[in-house]
Amino acid sequence: MIRLLKLEYLKNLNYRPFKIFAGIYFLILIALLFVGLVDFDILGAKVNLKEQGMYNFPSIWNFTTYIVGLLKIFLGCIIVFSICQEFSNRMFKQNLIDGLSREEFIASKLLTITVFTAFSTLFVFVVTFILGKSYSATQESDLIFKEIYFIFNYFLKLFTFFSFLMFLSVLFRKSIFVFLGFFMIWFAELILSGVEKFSIVQKFDPKQPAEQINHTYLTDFLPLGSMSNLIPNPAIRTNMAKMFGMEFKFEYPFYSVIACIVWSIIFVAGSYYILKKKDW
Amino acid sequence: MEKILEVRNLTKKFKQIAVNNISFDVEKGNVYGLLGPNGSGKSTTFGMLLSTINPTSGHWKWFGKEGTDTETLKKIGAIIEQPNFYPYLSAEKNLEIVATIKGAPKQRIDQVLETVNLLTRKKDVFSSYSLGMKQRLAIASALLANPEVLILDEPTNGLDPEGIIQIRDIINSIAKSGTTIIVASHLLDEIEKICSHVIVLKHGSAIYSGSVDAMSNTKGFFELKGDDNIALISALNSLNIFASVKETDKLVVAQISEDMSASDLNKKLFEKGIFLSHLMKKKESLETQFLELVKQSNS
């Protein structure tokens, strides 16, 4: 394992996209996390995310993981570029000939993914904790860690997302096709879930509203859907949303967690299958 | 003789058959040439033996062990088609990656770079190298783990004459050290200079496998020139020991059917009062033999 980590370290450290995207990622990350301290001008009204309760325990875990989760594409770019260049430079073939097995190749990429995910998770945890400690209205210890599970969800979300990109990279082998494929799947999921929700709304029976609102949508279990369900949009938790009478209801997305784990396994196994079956 | 590689009935079908039921053996310490025109299945054969291509059928043994696993690959040094390296990394870092994969000690990096005369350029990124340097770096990389077998697929492809000579010298010195080498090339005079054995491929089939000497059953020919070629030809015919006597470009070519030395022939012609200005005993070049073989398999 140390050998595979060393290999990835040698391959990536001097790789330009790695430096660029890692740099952008951390710059935007830091900027975003402190965005709540700045006043925004929205439609003439001053909005300050801090005053909207963004930095309050326990919902801060939801806010930060959601916002930082949006940036995962920058780390994703590193994964896509570094895997695709293995194919475009014919290095995968060369690695095989030099004596790296297909299993080891997948394992080394998974290690990179895990390191990225773990590092990002740790970073979010530390920064959230510090921000919460500094700015949260409540400092009660049982509230602080009440929603700590968002950190775990964040880890799983990133891991699944990166496995997904690894799979697409192995499948298409050219970064441009990977991004095209990714957006196609994204739109396909949006359309499918729109169709499904519409068909259910059509059959809406006013006699049993509650049952139908809690309906589980099959399209929620598509890869991107299950990832996004891990961390709900926190806009609804702002003080402003509360003013409008919106109520935040969140149940732990147990099924989405399962779905993400299953998808990760499919993506890793699928990548391995492609490497095994194709002639290089 | 210890067998390094035994290939039996190896076949690969893409849309058409690329490699058709070939079998051959590679013995330790010899230099093998894999000959064949473009598209005859040389690279596909190497691909299967190096585990990058899944065979359709057939099997092989490396060092007596079935198939190709990563341990086997670590004992093989291979260059395929073109030098593959991470273009954004220096030669040294690239070799460090290979050393990490193969489990070779780091000190070997400078040694192999010295062998191919690239030590002074080791900090430069690969993309800044010339084709000849890239090819030499590929050889360095193949030598990194002290391989028992070296596989070279078109090692002189696209190189200028100087580059070709450099690569040939390197290959020759490796061959002298007792490393088994399998080299594919369509540059036949290259192969002729370094190989003791050849395997000839055509349309995916092996049409010959054996030593270079046994490849053709002819015993060679004499090239002669005298002051009077007509008298020379009639004298040669009267000796009755040649399969054929032909005049080409002011030279007389006599195909040998019974072996005889050049000095014997000179003596006999001298006795007949014919004085030669040129006499040379020659073997058919690999090129002629190869073309002959390909022609035979056509008919």
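Chain A contains 13 helices and 2 strands, where helices (H or I, at least four residues) and strands (E, at least two) are DSSP runs, numbered from the N terminus. The model is a predicted one, in which local features need pLDDT of at least 70, side-chain atom pairs count only at pLDDT 80 or more, and totals for chains, interfaces and linings use all residues. Residues are numbered from 1 along each chain as its sequence is written, while chains are lettered from A and ligands numbered from 1 in the order in which they are written.

Of the 280 residues of chain A, 35% count as buried. A residue is buried if 20 or more other C-beta atoms lie within 10 Å of its own, exposed if 12 or fewer, and partly exposed in between, with C-beta atoms placed from the backbone. Contacts are also defined on these positions: two residues are in contact if their C-beta atoms, placed from the backbone, lie within 7 Å. Among contacts in chain A between residues at least 6 apart in sequence, 83% join residues at least 24 apart.

Helix α8 (residues 149-172) of chain A takes part in two helix pairs described here. With helix α13 (residues 254-277) of chain A, the axes come within 9 Å and cross at roughly 25°. Axes are lines fitted to C-alpha atoms, for helices over the stretch in contact, and angles run from 0 to 180 degrees between N-to-C directions. α8(A) and α13(A) are therefore roughly parallel; angles under 35 degrees count as roughly parallel, over 145 as roughly antiparallel, 65 to 115 as roughly perpendicular and the rest as oblique. The crossing of α8(A) and α13(A) is left-handed, meaning that the near helix is turned anticlockwise from the far one by less than a right angle. The contact includes Phe159(A), Phe167(A) and Val170(A) from α8(A), and Trp263(A), Phe267(A) and Ile274(A) from α13(A). By class, the residues of this contact divide into 14 nonpolar, 5 polar and no charged. Here Ala, Val, Leu, Ile, Met, Phe, Trp, Tyr, Cys and Pro count as nonpolar, Asp, Glu, Lys and Arg as charged, and the others, Gly among them, as polar.

The other partner is helix α11 (residues 223-230) of chain A, whose axis comes within 9 Å of that of α8(A) and crosses it at roughly 160°. α8(A) and α11(A) are therefore roughly antiparallel to each other, and the crossing is left-handed. Pro223(A), Met227(A) and Leu230(A) in α11(A) meet residues of α8(A), among them Leu156(A), Lys157(A) and Phe161(A).

Chain B has 10 helices and 14 strands. Buried residues make up 41% of its 299 residues. The C-alpha atoms of chain B fill a box of roughly 70 × 45 × 35 Å along the principal axes. An automatic or database domain assignment gives chain B domain 1 (3-213) and domain 2 (221-283). The centres of these two domains, taken over C-alpha atoms, are separated by 43 Å.

Within chain B, Glu66(B) lies in strand β5 (residues 65-66). Glu66(B) counts as exposed because it has 11 C-beta neighbours inside 10 Å.

Finally, 22 residues of chain B are in contact with 22 residues of chain A. On the chain B side, α2 (70-74) and α3 (91-102) each supply at least two residues, and α3(B) gives the largest share, 7 residues. That side of chain B divides into 12 nonpolar, 6 polar and 4 charged residues.
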